[in-house]
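Trainee: I am new to this structure. Please show me how to read its features.

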Amino acid sequence: MKVAVVGATGLVGSEILTVLAERNFPVTELIPVASEKSKGKEIEFKGKKYKVVTPTEAIALKPQVALFSAGGGTSTEFAPQYAEAGITVVDNSSAWRMDPSKKLVVPEVNGDVLSAEDKIIANPNCSTIQMVVVLKPLHEKYKIKRVVVSTYQSVTGTGVKAVNQLMDERAGKEGEKAYPYQIDLNVIPHIDVFQENGYTKEEMKMIKETNKIMGDDTIRVTATTVRIPVMGGHSESVNIEFENEFDVNEVRELLASQEGVIVVDDPANLKYPMPKDAHGKDEVLVGRIRRDESQDKTLNLWIVADNLRKGAATNAVQIAELLSKRGLI
């Protein structure tokens with residue numbers, strides 16, 4: 001299969017290449033795509049070298065699938081052109097997520113909604129992906145009424161500039177800033193731009209995307225998203241109120257049997273998920289599973305995942321795998 005990776009030189013694009021190789025996706029020819037300034041650079045994939053081409057040049061090479069991770073502007077401009085040429089696009093930006101005509105997909109949660117007609121498929125926000133994988137079996141069993149989530153998100157979610165800012169600050173060097181404040185030895189309760197309602201765009205993404213992916217607008221969600229000085233891996237404290245009563249041990253069993261989830265929950269031996277343990281993993285880790293004793297039918301848990309993998313690259317590749325397996329590309 002001819003596969004284009006748009007944004008191949010970026011953080012997520014590089015991770016997509018790693019994941020494609022690790023999961024042995026049937027790539028017969030790789031088409032690495034980046035901006036004009038990267039044209040002609042060489043990218044190595046599975047021992048072979050491929051020259052970077054521009055987004056327009058890639059269309060003429062007719063890949064069956066294009067994994068986009070080059071920002072909303074590039075996706076808005078080029079995804080429709082690729083779709084028009086018969087190329088299936090899996091887009092990692094926020095450009096198409098809330099478009100009612102586009103599917104927003106996490107394969108373990110709602111992969112069954114995909115069809116051959118879907119030529120632009122949206123990859124959800126990283127912090128939403130890891131949460132809904134955990135919510136799905138719980139919603140099916142107990143019916144979720146409300147979710148309160150606070151995130152602890154790594155600097156890699158912002159990109160290379162943010163990683164450099166953290167490392168510069170740690171080394172006591174001046175450098176380019178991705179954030180309006182110091183991030184080293186600090187916590188910034190601000191991800192993406194503030195909206196008129198006082199929430200940030202990242203918080204509103206989590207709220208709206210959860211409803212769309214779960215296919216249920218009755219689930220009420222409220223979010224606070226926070227940037228922390230961690231190199232990779234997003235963490236979330238999640239409080240879930242159900243319609244029906246639950247048993248904590250049954251919750252553990254349900255989560256342990258959910259595809260893409262690993263339960264790490266043994267407080268007696270100080271076992272719980274941490275970002276460093278999620279690094280390089282495709283699974284979502286969940287622990288600190290306990291009843292909320294302040295309110296009936298309510299559960300607390302802690303969710304951690306590698307934001308560049310399941311939160312972005314792996315989910316995009318899994319969508320492509322599902323399309324391939326079902327003969328949709």
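Mentor: Start with phenylalanine 242: it counts as buried because its relative accessibility is 1%. Buried means under 20% relative accessible area, exposed over 50%, partly exposed in between, with a 1.4 Å probe and protein chains only. This is a predicted model: local features need pLDDT of at least 70, side-chain atom pairs count only at pLDDT 80 or more, and totals for chains, interfaces and linings use all residues. Residues are numbered from 1 along each chain as its sequence is written, and side-chain values use heavy atoms, without hydrogens and water.

Trainee: Is phenylalanine 246 buried or exposed?

Mentor: Phenylalanine 246 is buried, at 5% relative accessible area.

Trainee: How many aromatic pairs are there?

Mentor: Rings of Phe, Tyr and Trp (its six-membered ring) pair if their centres lie within 6.5 Å; planes under 30 degrees apart are stacked, over 60 edge-to-face, the rest tilted. The count here is 5 aromatic pairs. One of them joins phenylalanine 242 and phenylalanine 246: edge-to-face, 5.5 Å centre to centre, with 65° between the planes. Ring pairs also link Tyr142, Phe242 and Phe246 into a cluster.

Trainee: Which charged end sits over the ring of phenylalanine 246?

Mentor: That of arginine 291, 4.2 Å from the ring centre. The rule asks for NZ of Lys or CZ of Arg within 6 Å of the ring centre and within 35 degrees of the ring normal.

Trainee: How do I describe two packed helices?

Mentor: Use the angle between their axes and the distance between the axes. Axes are lines fitted to C-alpha atoms, for helices over the stretch in contact, and angles run from 0 to 180 degrees between N-to-C directions. Helices (H or I, at least four residues) and strands (E, at least two) are DSSP runs, numbered from the N terminus. Helix 5 (residues 126-142) packs on helix 7 (residues 201-214) at about 40°, with axes 10 Å apart.
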